[in-house]
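Biologist: Could you take me through the aromatic rings in this model, beginning with the charges that sit over them? I'd enjoy a close look at that one part.

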Amino acid sequence: MHHWVQASSSDFSGTPPQARSGHTAVNVGKSMVVVFGGLVDKKFLSDIIVYDIENKLWFEPECTGSESEGQVGPTPRAFHVAITIDCHMFIFGGRSGGKRLGDFWVLDTDIWQWSELTSFGDLPTPRDFAAAAAIGNQKIVLCGGWDGKKWLSDVYVMDTMSLEWMELSVSGSLPPPRCGHTATMVEKRLLVFGGRGGGGPIMGDLWALKGLIDEERETPGWTQLKLPGQAPSSRCGHTVTSGGHYLLLFGGHGTGGWLSRYDVYYNDTIILDRVTAQWKRLPMSNEPPPPRAYHTMTGIGARHLLIGGFDGKLTFGDLWWLVPEDDPIAKRSSVPQLINPPEINESERELDKERGQEGCSIVELQKKMGISVSSGLRLQIPEESEDQEFVELGTRLIEGDVVDDRASMIQMAAQALRQHWKESTPRTLQLKDLGSLLRDYQRSFLPENSRDTQSSLTSADFGLPGTKTFTFYHMKSSSELRINDIPKLLEEYKTLLI
């Protein structure tokens, strides 16, 4: 039995990382966890925050070394890869704004010195959302990603001593190109799970790559593994962390079943038992953290530390422990003790102030950190003509107009109400309208009501290529809305009206 416990200020001293997603957090030996970069509110980060495990201390080291664009160390980025070998943390690629990066850096954590590396050989192209792992204590394997135009399936091996890259020539069947997947070395094999594939579908396949260990003299080749047990649903942006005889998978995002174009976020914890070679659900005694993707999970002894992430609406700054039942903190209440609250932009803060007492009826909703959504959710959304509250609101807007029959009246009322909401702002939107507006928003996703939004939609700033940002279709009622959800809901609704 395991327990989720939200980190408390009593667990450590110093200042932990602020809200972010798309960052990396890696172990350096058994002494440190090093967090680098990430993204929050469209701002890319380049800071280093370190957790000293023995002293239970967060600190920000003063780094020296190579300069890039006027700063020491790599430029700000997210969705990069970070791998540690001995006391060195290697950084490759990622994204800054709309630019994919292909630079290669190393941080010596003994002296906190950055160096930009000039490597040679078969250099990988710039990319983000790739996956990488260490091979022993000298080499790094990198696979897949997104170069801004296409999904990738290539595999590169880099020798950290010679700084030579080599593209691996792999025989036989290949996994489909992908990004947002995970890559984990398990003894002599690289295990790759999930990701978003070419054209946009999210995958749940598991592949093993052999031929990475020189001493084995194996011909490199992929094998798709179909393991028994409760396999994870298809997803990307998840994490896989080693935990002794098992691998632990947490979170990520996938599609919502029949709403296949729109993403849901997960907070389930699944293990791959290396002894029995099967998937299992990790037994939990309490509720997990809110759903998220593009977070990090780092093993610290028998504990796992969860940092940050993104749930389609908020960038998280919370920290959580996943601990076995005999851990001293396991019995501590897991009632949220926010160290770093989710990031809320200034316009939303001003909206909260200006709404004043008007927002009191939903003030409790601000305490919610997220909404757990099952991939099999089926919403019961009434048809337009049967939505009495929706029809009544629209009818008030057309009072005095001559209408021949009920069907025409409903059509005119709906048009008037949608036009009214289209012209509304978060400040003028009435709280009593939220339920009707949410249901009309959700009706847009039903097959018979779907509008062609392809031409007006763009990729999400926080998601993978092809991701559409629609985040409220799964809510069962407006009571699940937070006050700072309202501007986003109205914005997305207006997009659907186009």
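Modeller: The charged end of Arg235 sits over the ring of Tyr266, 4.4 Å from the ring centre. A second case is Arg303, which lies over the face of Trp321 at 5.2 Å from the ring centre. For such a contact, NZ of Lys or CZ of Arg must be within 6 Å of the ring centre and within 35 degrees of the ring normal.

This is a predicted model, where local features need pLDDT of at least 70 and side-chain atom pairs count only at pLDDT 80 or more, while totals for chains, interfaces and linings use all residues. Residues are numbered from 1 along each chain as its sequence is written, and side-chain values use heavy atoms, with hydrogens and water left out.

Trp4 lies in strand S1 (residues 2-6) and Phe250 in strand S27 (residues 246-250), so their pair ties together parts 246 residues apart in sequence. Strands here are DSSP runs of E, at least two residues, numbered from the N terminus. Trp4 is buried at 0% relative accessibility, and Phe250 is buried with a relative accessible area of 0%; buried means under 20% (1.4 Å probe, protein chains only).

Trp146 and Trp151 also form a tilted pair, 4.5 Å centre to centre with 55° between the planes. Trp146 is buried at 9%, and Trp151 counts as buried at 18%. Finally, ring pairs link Phe90, Phe92, Phe104, Tyr156 and Trp165 into a cluster.

Technical notes:
Helix = DSSP H or I, 4+ residues; strand = E, 2+ residues; numbered from the N terminus. Buried < 20%, exposed > 50% of the residue type's maximum accessible area, 1.4 Å probe, protein only. Phe/Tyr/Trp six-rings, centres within 6.5 Å; stacked < 30°, edge-to-face > 60°.
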